[in-house]
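Let's walk through a pocket and a few strands together. Have a look at the model first.

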Amino acid sequence: NNWAAGRKFSPGGKPIVANDPHLDSTLLPGPWYPCGLITPQIRAVGVNIPGMGGMAIGRTEHIAMGGGANAYGDTQDLYVETVDPSKPGSYLEGNQSIPFEVIEETLKIKDKTAPGGFRKEKILIRLTRRGPVISGVMPGMQTDRVISMRWSGFEAQAPSIGLEGLMECRTVSEVRRVLKDVNQIALNFVFADSQGNIAWAATGKLPIRSQIQGLVPHVVKDAQDNWTGWIPWEDMPHEINPARAWLGTCNHLTVKKNYPYHYTSAIASSYRYRRLIELMDRPAKISVDDHWKFQRDTVNLMAQKIAPIMAQALVAQADTEKLGQILKDWDFSDKANSAAPTVFQAVYRDFALLVFADELGPELANNMLRIWYFWQERLQKMVLEGTSSWFDNINTDDRKETRDDLFRQAGLNALEYMRASLGDDPAKWQWGKVHRHEFLSPIRRTGVGKEYLGGGSHPSAGSGETLYRGIYEFGDPFKIKISASLRMVVDMADPDKILAVLPGGVSGRQFDPHTTDQIEPFMNGEKVYWWFSDRAIKKHTGHTLTLNPQ
């Protein structure tokens with residue numbers, strides 16, 4: 001998720017807040033519900049999650065807020081439990097035997113072969129004092145050990161998520177006080193007020209751990225709690241009115257090395273935030289239009305580091321020379337009509353498999369590589385250094401492979417499997433032909449008729465490493481799975497409107513024209529305005545629905 005706020009940009013000297021949350025935006029309608037709430041006390045326009053109180057993203061007369069960016073604060077731990085050998089229904093904490101609490105649930109599962117189209121399945125959930133047993137249940141948790149999970153969000157649950165108070169705030173200080181009660185999930189919120197202040201704050205209730213980090217499962221040996229307390233709210237990551245006059249978050253690591261607590265061990269790669277710095281640190285004033293363009297910026301800083309090395313390896317071999325030349329001529333921008341992003345992504349994806357699969361095995365390597373944040377910057381460091389022992393294939397005793405050997409082999413592999421979809425000429429492998437955004441109706445996700453109920457398939461620029469985000473699953477290249485679920489820019493100096501576009505439109509009703517009418521603006525960058533003032537709303541009203549309570 002990309003969020004930015006600046007207080008030196010608009011002509012009125014008031015802040016601009018830009019929001020670009022990333023979620024699975026392939027389904028129609030999308031995750032956000034657009035709404036305007038106008039009462040004698042409140043005027044708020046923006047979006048929220050259906051069924052949730054308040055407004056997560058948008059503006060009032062006094063504040064603008066961007067909420068929902070994952071801060072990746074570490075709120076979970078796994079525990080290795082020991083089943084009491086003399087009492088299989090109990091677990092051990094030292095010498096103390098404690099019975100599992102058991103909950104029985106009945107699931108109703110759609111099944112065409114069952115009477116009524118559904119079958120019922122009973123499951124038993126075992127609970128420890130730390131949380132439920134998830135081994136054998138959660139994907140990737142197939143193990144003979146008994147693994148339980150603890151989550152601070154569960155322990156921090158309250159009657160309210162805590163966002164309702166945002167609409168009544170008038171200053172960034174008041175917003176921060178409201179966010180103190182948003183404890184169930186670790187999110188980055190960027191916000192500004194009409195007085196010219198900007199701020200950012202991370203939410204969530206994060207534990208203080210006795211073992212410093214929660215990177216690996218904690219083996220339970222006794223009854224001692226390894227969570228010794230909670231990070232105090234005043235010490236949670238935040239910033240108000242920084243000297244450089246802007247702030248932003250891109251799921252990146254927001255705490256410094258001297259931060260006194262463990263915050264996270266899994267965080268977004270820094271490419272998007274580094275690009276945001278390049279754009280926002282320019283000396284010229286930055287306008288609403290600039291913020292809108294930044295959200296569609298396609299410069300790939302990961303490729304900028306790696307592609308020249310990859311190109312040099314590929315041009316050295318006749319059968320991969322053409323791939324290398326395409327990369328040598330590239331400006332490192334992931335444009336939809338360019339072949340270079342396709343070559344880079346295809347070769348680098350296969351290169352990563354070649355690096356790790358011989359040591360880890362194909363299944364474990366694929367499980368690791370599907371989590372982009374875990375390996376991208378680590379592998380980049382290995383590529384830049386050029387001498388990692390991981391480059392040698394342990395299955396070939398007669399030779400020692402190098403980094404460039406693996407790049408060349410990955411190039412050959414890419415030529416082989418990309419031919420089926422894009423042909424023999426890599427120069428014609430346009431990124432937009434494979435990197436596509438398909439909008440689907442949940443009524444018909446696959447098969448005949450999906451194109452009539454959905455919003456079609458569209459070529460898309462960007463990648464997982466650019467501000468113009470389009471993430472594909474490692475095991476299913478290159479179709480977009482996650483992208484911006486909303487683009488919004490709020491200028492607090494503009495009393496009439498905000499700039500916003502939803503990829504799926506603003507209606508959830510099938511065949512309503514407003515279910516899909518924002519897809520084209522979302523894909524081509526056209527500006528769409530949502531109206532804020534009474535004057536602007538009245539001027540642009542197309543239809544009015546009045547609900548009279550009985």
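Q: How much space lies in the second largest pocket?
A: A pocket is an open set of points on a 1 Å grid over the protein atoms alone, where a 1.4 Å probe fits, with protein on both sides within 12 Å along at least five of seven lines. Its volume is the space filled by probe spheres set on the points, which are joined across faces, edges and corners. For the second largest pocket that comes to about 1400 Å³.

This is a predicted model, where local features need pLDDT of at least 70, side-chain atom pairs count only at pLDDT 80 or more, and totals for chains, interfaces and linings use all residues. Residues are numbered from 1 along each chain as its sequence is written, and side-chain values use heavy atoms, leaving out hydrogens and water.

Q: Which strand gives the most to the lining of the second largest pocket?
A: Lining residues have an atom within 4 Å of a point, and this pocket has 27 of them. Strands (E, at least two residues) and helices (H or I, at least four) are DSSP runs, numbered from the N terminus. S4 (33-38), S5 (43-48), S27 (529-531) and helix H14 (534-540) each supply at least two lining residues. The top contributor, with 6 residues, is S4.

Q: Which residue takes a positive phi in the hairpin of S9 and S10?
A: Two strands pair if DSSP finds at least two bridges between them; S9 and S10 (residues 96-99) run antiparallel, joined by 4 bridges. Glu93 stands opposite Gln96 in S10. The hairpin has 2 residues between its strands, and the one with a positive phi near 70 degrees is Gly94.
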